[in-house]
Amino acid sequence: MKIHFLGTGTSQGIPVIGSDHPVCLSQDSRDKRLRVSIWVEVEGQSLVVDCGPDFRQQMLSSGCTRIDGLLFTHEHADHTAGLDDIRPFNFQYGPMPVYAESRVIANLRQRYGYIFATENRYPGAPAVHVHPIEADAPFSIGGVTIQPIRVWHGDLPVLGFRIGDFAYLTDVKTIETAELDKLKGLKVLVVNALREAPHDTHFNLQEALDFVNLVQPEQAYLTHISHHMGFHAEREKTLPSTVFLAYDNLVLTLE
Ligand SMILES: [Zn+2]
């Protein structure tokens, strides 16, 4: 399994437009963060989680040329606003297979009526093939089993995903104890950590580290990072030996 971090930044990305914060001015490429997304290559399948406003750029820079499943964690714009840019995939492979909860699909249908329309479609409009999924029902894409995990982004229910010994959880503030059973025996856990200061709907650094401690994966990578987390190079030195800050274009290979 190959995991490509396409974006590791919070909703505004880093640098933030117009910001003169030192992290926004950093020349370290690891301090430049697009909106969160990952691309997972597993058993011949190509899966992308979320499709934010940097989707086009992320597809180009990572070299992702085919998607067998586009999975959504939730409907917020930093995770969905790139949906119009699936068109090159449509022209080559037909409608994009999209996997999301019914609530998220309904929300996208409302915001992107022209993509979901079945009549009077504009020629060349983006096209999707919708697969509703549920938190407690594992599903499969091309023979790859995916276990959804229910997490809470404040009071918004969000999905994380487990594929084999890898789990990806973003935009988490709380998780019910019962869901922790789905996270046993992980080699790699990716989880969000916004910054040091607390936030209403995201884990801050300490909450993310406490969560990693609870789940006990072999390794953990933090994502959905704000410029307030500080410089990558400095912050990473302070982390436990099995916890890392993810950064854009990082690729992990899991046996
Ligand atoms: Zn987000």
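This is a predicted model: local features need pLDDT of at least 70, side-chain atom pairs count only at pLDDT 80 or more; totals for chains, interfaces and linings use all residues.
Visitor: What makes β1 and β2 a pair?
Guide: Two strands pair if there are at least two bridges between them. Strand β1 (residues 2-7) and strand β2 (residues 37-42) are joined by 5 bridges, so they pair by that rule. They run antiparallel, and lysine 2 stands opposite glutamate 41 in β2.

Visitor: Why are β6 and β14 said to stand at the edges of their sheet?
Guide: The open sheet of 7 strands has the order β6-β5-β4-β3-β2-β1-β14, with mixed pairing. β6 (128-132) and β14 (251-253) each have a single partner strand, so one side of each is left without a neighbour in the sheet. On average, neighbouring strands are turned by 20° against each other, direction ignored.

Visitor: How do you know which strands β10 pairs with, and in which sense?
Guide: The rule asks for at least two bridges. Strand β9 (residues 156-163) and β10 share 3 bridges in the antiparallel sense, while 4 bridges join β10 to strand β11 (residues 188-192) in parallel. Both partners therefore meet the rule. Alanine 167 illustrates this: arginine 162 stands opposite alanine 167, and leucine 189 is the bridge partner of alanine 167 in β11.

Visitor: Which way do the residues of β10 point?
Guide: Phe166 and Tyr168 point one way from β10, and Ala167 and Leu169 the other way. All are buried, which means 20 or more other C-beta atoms lie within 10 Å of each one's own.

Visitor: What does phenylalanine 161 touch?
Guide: Leaving out residues up to four places away in sequence, Phe161 touches Val49, Leu71, Ile146, Pro148, Ile149, Ala167 and Tyr168. Phe161 is among the residues with the most contacts inside the largest nonpolar core, which has 64 residues.

Notes:
Residues are numbered from 1 along each chain as its sequence is written. A nonpolar core is a set of buried Ala, Val, Leu, Ile, Met, Phe, Trp, Tyr and Cys residues joined through C-beta atoms within 7 Å. A residue is buried if 20 or more other C-beta atoms lie within 10 Å of its own, exposed if 12 or fewer, and partly exposed in between; C-beta atoms are placed from the backbone. Two residues are in contact if their C-beta atoms, placed from the backbone, lie within 7 Å. Helices (H or I, at least four residues) and strands (E, at least two) are DSSP runs, numbered from the N terminus. Axes are lines fitted to C-alpha atoms, for helices over the stretch in contact, and angles run from 0 to 180 degrees between N-to-C directions.
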